[in-house]
Amino acid sequence: MIRPNYACDAPPTSVDVGGADYSVDTDWRTWIEITRLLGELIPEADTDARKQHNANLWMQIQILAFGGVLADEDPADVMRAVCAFAQGYPCAPTRPDSEGPKVISHEWDLNWIVLAIRAQFGVDLSYRRKDSFHWWEFRLLEQALSGDHYILNLMDARGYTGKDPELVKRRRACALPEEKTAAQLAHDEDVAREILADT
């Protein structure tokens, strides 16, 4: 059977959670924030503070996605539904050997992405747009960008892995700011605690 695709299937406006159908906010701005918050969850929350951190984020994510917390549903089912919706239309998985440096950030690059989408596709996603624009359609447009857009030049520079001094210099000049996720900060705290315990 062919996977869900833009040619045959309208992007969904609801998700299945434990056999029940829940309407979801589909706007791309909402899902930029949801994906940012998902990245701030600490996978191995082993202290009360970290568990509370995750609980607060999870509540924010559900309020953004559903307008409220789905208290009657299994949290694991809700998480699966949110993560599946965040992916957009199914696409081929990337191979592990294709992973490299981070080349794009919705937080830092959104202006350039929005301008490139407007220039290439004629879709204005700026503050002027008052109606909703579906996250899955945004993801398709973002992934289909091609040509000489500034964001693509930035991504090319950030992804350079060779040794040419000029291109290395360009990569450094275009690099995204070093920012640690909550999980990385939690790991650093654990390492520091272990070091202090050994002294």
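**Reading a helix and a buried charge**

Analyst: The face of H3 turned away from its buried side carries the exposed residues Arg 80 and Gln 87, where exposed means over 50% relative accessible area, buried under 20% and partly exposed in between (1.4 Å probe, protein chains only). This is a predicted model, in which local features need pLDDT of at least 70 and side-chain atom pairs count only at pLDDT 80 or more, while totals for chains, interfaces and linings use all residues. Residues are numbered from 1 along each chain as its sequence is written, and side-chain values use heavy atoms, with hydrogens and water left out.

User: Which residues of H3 are buried, and why are they on the same side of H3?

Analyst: An α-helix has 3.6 residues a turn, so residues three or four places apart point the same way. In this model the buried residues of H3 are Val 78, Ala 81, Val 82, Phe 85 and Ala 86. They lie on the same side of H3 because they cover an arc of only 135° around the axis, the arc being that of the directions from the helix axis to the C-beta atoms.

User: What covers the buried residues of H3?

Analyst: A contact means heavy atoms within 4.5 Å, and by this criterion the cover includes strand E1 (14-17), H1, H2 and helix H5 (135-143). Helices (H or I, at least four residues) and strands (E, at least two) are DSSP runs, numbered from the N terminus. From H2 (residues 48-66) comes Gln 62, which touches Val 78 as well as Gly 67, Gly 68, Val 69 and Leu 70, not counting residues up to four places away in sequence.

User: What is found at the start of H3, and what just after H3?

Analyst: A polar contact is a pair of N or O atoms within 3.5 Å; within protein, one must be able to donate a hydrogen and the other to accept it, and residues adjacent in sequence count only if both atoms are side-chain atoms. At the start of H3, a side-chain oxygen of Asp 74 comes to within 2.8 Å of the backbone nitrogen of Ala 76. Just after H3, Gly 88 has a positive phi of about 80°.

User: Where is Asp 27, and which residues does Asp 27 touch?

Analyst: Asp 27 sits in the loop between strand E2 (20-23) and helix H1 (28-40). Leaving aside residues up to four places away in sequence, Asp 27 touches Ser 132, Phe 133 and Trp 135, and a polar atom of the Asp 27 side chain lies 2.8 Å from the backbone nitrogen of Phe 133.
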